[in-house]
Amino acid sequence: MDFAVQFEAYRQEIEAAIDRFLPAAKTKPERLHEAMRYAMLGGGKRLRPILALAAADLFHRENDPLPAAVAIECVHTYSLVHDDLPAMDNDDLRHGRPAVHKHYDEATAILVGDALQEHAFSLLAFHYQDTPSIAARLVAELATAAGSSELVGGQMADLLAEKKANVSAAELDFIHANKTAAMVRAALYLGGVAGGASTSDLARLATAGRSLGLAFQIVDDILDVTADSATLGKTAGKDKKADKTTYVKLHGLEASRRFVHQHTANALKALAELPSTSRFLHELVESMAVRES
């Protein structure tokens with residue numbers, strides 16, 4: 001299938017699953033559930049859940065990967081809702097629309113993030129309860145990726161780095177290996193677990209995900225200084241204006257582009273070592289290196 005057609009098919013599958021698996025907007029308290037749906041159904045690349053579906057398809061979807069795919073998007077969305085708050089990254093835009101705390105208020109945004117994080121684990125627990133070993137592996141991986149040593153830890157390190165004038169390359173790598181790459185790794189891993197991948201194949205998927213996640217973040221840093229807000233759907237030039245340490249600030253634009261190429265090549269190498277191949281995954285990894293938003 002043509003890459004664009006397959007991508008759109010995955011995206012539509014994800015959108016329908018998000019709508020199906022989220023509480024209805026009229027569920028009490030209505031304001032909270034309406035805001036959860038605003039956050040989750042407001043657009044976005046859907047990279048992480050699409051990676052989960054594509055990974056599961058490598059192993060013929062032994063188990064339904066959609067609850068796992070939506071779970072990781074719940075965690076990702078909660079992290080964005082909280083990241084946009086004034087006490088964190090302080091951004092008024094997300095996906096070209098007012099951020100949740102601007103459309104509603106800060107208290108509602110905090111509770112939306114809390115609820116989405118809980119909902120992710122509910123999805124895994126309830127939808128895979130007939131295969132408890134699968135449920136346990138999914139919960140363990142997502143909890144690790146979303147926890148204090150990875151996603152939340154990376155966010156903490158990022159906030160601390162904003163107060164430093166001399167952030168090192170190792171510190172920057174730590175931030176983005178955990179704040180960004182851990183969740184991309186988890187997406188491929190969760191898809192592999194749902195699909196029925198072996199332990200060795202899961203390790204390869206994790207390697208590919210970590211490299212892809214780092215490439216993705218470095219491209220984000222590049223776009224902050226090369227793209228505009230309308231294209232990005234969020235405030236462009238914000239990191240540069242705040243003098244935040246990014247790959248571009250620390251290494252320069254050309255070196256950052258070389259890092260993207262290197263991490264992309266590493267991701268493709270790990271995927272090539274899997275027993276089954278996916279032209280879609282190969283093209284998706286390549287497309288992420290040259291994206292414009």
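Predicted model: local features only at pLDDT ≥ 70, side-chain atom pairs only at ≥ 80, totals over all residues.
Helices here are runs assigned by DSSP as H or I with at least four residues, strands are E runs of at least two, and both are numbered from the N terminus.

I shall begin with backbone geometry in the loops. R61 is found in the loop between α3 and α4, the latter spanning 66-83. Its phi is near 50 degrees, which is a positive value in a residue other than glycine. R61 is partly exposed, with a relative accessible area of 24%.

H95 lies in the loop between β1, residues 93-94, and β2, residues 97-98. H95 is not a glycine, yet its phi is positive, at about 55 degrees. The relative accessible area of H95 is 33%, so this residue is classed as partly exposed.

One peptide bond also deserves mention. The bond from K28 to P29 is cis, with omega near -5 degrees. P29 lies in the loop between α1 and α2.

I turn now to the salt bridges. How many salt bridges does the model contain? The count comes to 21 salt bridges.

Is R46 buried or exposed? R46 is buried, with a relative accessible area of 2%; the cut-off for that term is under 20%.

The second pair is D158 and K179, which form a salt bridge with their closest N and O atoms 2.7 Å apart. D158 lies in helix α8, residues 151-161, whereas K179 lies in helix α9, residues 169-195, so this bridge ties together parts that are 21 residues apart in sequence. D158 is buried, with a relative accessible area of 4%. K179 is buried as well, with a relative accessible area of 17%.

E162 is partly exposed, with a relative accessible area of 40%. K244, by contrast, is buried, at 14%. Salt bridges that share partners also join E8, R11, E15, R46 and E73 into one network.

Two packed helices are described by the angle between their axes and the distance between the axes. What are these values for α8 and α9? Their axes come within 7 Å and cross at roughly 145 degrees. The crossing in which α8 passes α9 is left-handed. On the α8 side, the contact involves L151, G153, G154, Q155, A157, D158 and A161; on the α9 side, these meet F174, I175, N178, K179 and M183. By class, this contact has six nonpolar, four polar and two charged residues. D158 and K179, the salt-bridge partners, are both found in this contact.

Let me stay with α8 for one further residue. V152 is placed in that helix, and its relative accessible area of 38% makes it partly exposed. Which residues does V152 contact, leaving aside its neighbours within four places in sequence? They are Y78, A146 and G147. As for A120, 32 residues away along the chain, its C-alpha atom is separated from that of V152 by 16 Å.

T245 counts as buried, at 12% relative accessibility. Not counting residues up to four places away in sequence, T245 touches V167, L172 and L250.

That concludes the survey, and I thank you for your attention.

Methods. Residues numbered from 1 in each chain as written. Heavy atoms only, no water. Salt bridge = Lys/Arg side-chain N within 4 Å of Asp/Glu carboxyl O. Buried < 20%, exposed > 50% of the residue type's maximum accessible area, 1.4 Å probe, protein only. Contact = heavy atoms within 4.5 Å. Axes fitted to C-alpha atoms, helices over the stretch in contact; angles between N-to-C directions. Left-handed = near helix turned anticlockwise from the far one by under 90°. Nonpolar A, V, L, I, M, F, W, Y, C, P; charged D, E, K, R; others polar.
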